[in-house]
Amino acid sequence: MKRSVILAILAAGAVLAAVPSAGLPAFYESFLYLLFHWIVLAVSWNILSGYTGYFSFGHGAFFGAGIYGTAFLAGKMDWPFLATLPATMFVAALLGVALGAVVFRVASIRGEIFALLTLAVTFILATVILNTRIDGGPGIYLISMEIPKLGRTQSASIYAMGLLAAVTTLLVAYLIYASKFGTGLFAIHDDEDVAEVMGVPTYRYKLYALAVSCALAGLAGGIHASFVSYVTVSETFSILVPLSVVLMSILGGSRHWFGPAVGAVAITSLLYYATSGDYAVAGRASVGFILVAVILFMPEGVLGLYSQWRRRRNAPAATEGGTAHAPAVPVPSAAARVVRRPAGPPLLQVEGLSKAFKGVQALNDVTFDVRANEILGLIGPNGSGKSTFINVVSGHYKPTAGRIRFDGRRLEGLDAHRFAQAGISRTYQIPRPFAHMTVLENVATAGMFGGNGSGRAAATEAAREFVEFAGLGHRAHVRPDDLNLHQRKFLELARALAARPKLLLLDEVLSGLTPGEINEAIAMVRRIREGGTTIVFVEHVMRAVMALTDRIVVLNHGRLIAEGDPAAVMDDEQVKVAYLGKSHA
């Protein structure tokens, strides 16, 4: 499939390359160049904003950096035109990475705040260029700039450069989309915090995506400078540039690598038709109407609508088999190769672990060990700090104080993806699957990034085994929204197992389940431990705790109040008081 798509892109490029030799009027070359130009801008914007969900209005800034980079270097510094293109790509990418290196470190700069910040960058850059010798006010003329002879005429040469840029951009977008890197970006889009805890290096991946997006926008700007011949700040940094690429991407489908290209062709053709027929105002109004209609009725775009239709058509085959049932298959072979042994030396050691939230002490000087190959029960009344402990030990929160040593390695202070790569995996009390991925894709993502990680193909193949183990084989190709709570809980479990963890943190995996479903989950947890996985079991269902755990640790108000054999701990006076309160009779 991957090879066929690449060949199709190259074949389409080869066919379009023959257009200038057909002897058509130069108008067609100019019109097709504009299509290529907007394809590059829309698809490059989508590599960051569509794939990761970091909605940017600053694409005009990176495009402007490219167009002014070529204009300044070729128009004022007498550089050869082709030599300016790599320079403009580098400058645009550097500008983007410098911005991302700061804002991606601040967790609160997401959504609308990120969009507004990137829009501000556009105005800042425009002001700087206008008030320096880069422009100075009157603009830059490029009439005397020599265009490389890639065709019989100047318009054919510009056409060839635009086509080459469009083909390159589509190849880059597809290769990212079909790679492990692309899967990580889509995980960030759906739930960045979960993606990080699962092993995706979110900060680094966002920087990579931003750098690629900006570099391609800079390339489009550099080539476009040769097309317009006269560069001004007002035209270059117009708000219409980012608005247009956003509309094109949303119309075509921002979660698909080819969606923005479809939108770019549709919108550019509509505007060109309206302008050529003296209906420019009607064309702009139509674009606005399309934007409103797409947001209301087609939020996933044209290709997203097509994908939904395909899922509905295949729904009977995909859902055959009814509801999930107790798994009749063994523990996945990847885990079964580990022979069960008695509880061994400490695998996880926490010492003086504390976590405070603006004065609220959720954990207070907690110290205990989790031994290899055991199931440790972590219990306590509501608000005792159990979920906070899971969040800290999985890297989701950084501890206020204390040490975390896992498998001989210090982890406190590291980013959450380092915890996952060290061999720690977890579920969530309220399931948090990636909403736009299928069940199989959710599980495969964990296999790609958790533990030692694996390639996309190998992780997908292994994911089938874990999906079957969780009793979800008949639902492998549906999205999480089509699952009930029971199935989403088992999806969380399958996803956590796909990372092949040394330590599995189960955060109230039984909550919300019926008694029969709880029995299924207990049987599944036993199978997991029999495969050699160490488990920390956070739960309120006491019959499950007593049936499964080798030891119990009890927290209350963030402090450890009891630890040891399950029967002895449950008979401890402090534990009874924590759950039932003191007797005043």
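## Charge and surface

Let's start with the charges: the chain carries 49 positive and 40 negative ones, and their mean positions are 3 Å apart. Here Lys and Arg count as positive and Asp and Glu as negative, with His and the chain ends not counted; each charge is placed at NZ of Lys, CZ of Arg, CG of Asp or CD of Glu. This is a predicted model, in which local features need pLDDT of at least 70 and side-chain atom pairs count only at pLDDT 80 or more, while totals for chains, interfaces and linings use all residues. Residues are numbered from 1 along each chain as its sequence is written, and side-chain values use heavy atoms, leaving out hydrogens and water.

The accessible surface of the chain is about 25200 Å², with 61% belonging to carbon and sulfur atoms (Shrake-Rupley method, 1.4 Å probe). Of the 585 residues, 54% count as buried, meaning under 20% relative accessible area (1.4 Å probe, protein chains only).

## Overall fold

You will find 24 helices and 12 strands in the chain; these are DSSP runs, H or I of at least four residues for helices and E of at least two for strands. The C-alpha atoms fill a box of roughly 95 × 55 × 45 Å along the principal axes.

## Domains

An automatic or database assignment divides the chain into domain 1 (27–237), domain 2 (344–423 + 501–580) and domain 3 (437–496). Domain 1 gives 9 residues and domain 2 gives 7 residues to the contact between them (heavy atoms within 4.5 Å).

Together, domain 1 and domain 2 bury about 580 Å², the accessible area (1.4 Å probe) lost on being put together, summed over both. Glu-196, Val-197 and Gly-199 supply 65% of the area that domain 1 buries against domain 2.

Methods:
Buried means under 20% relative accessible area, exposed over 50%, partly exposed in between (1.4 Å probe, protein chains only). Buried area is the accessible area (1.4 Å probe) that two parts lose on being put together, summed over both.
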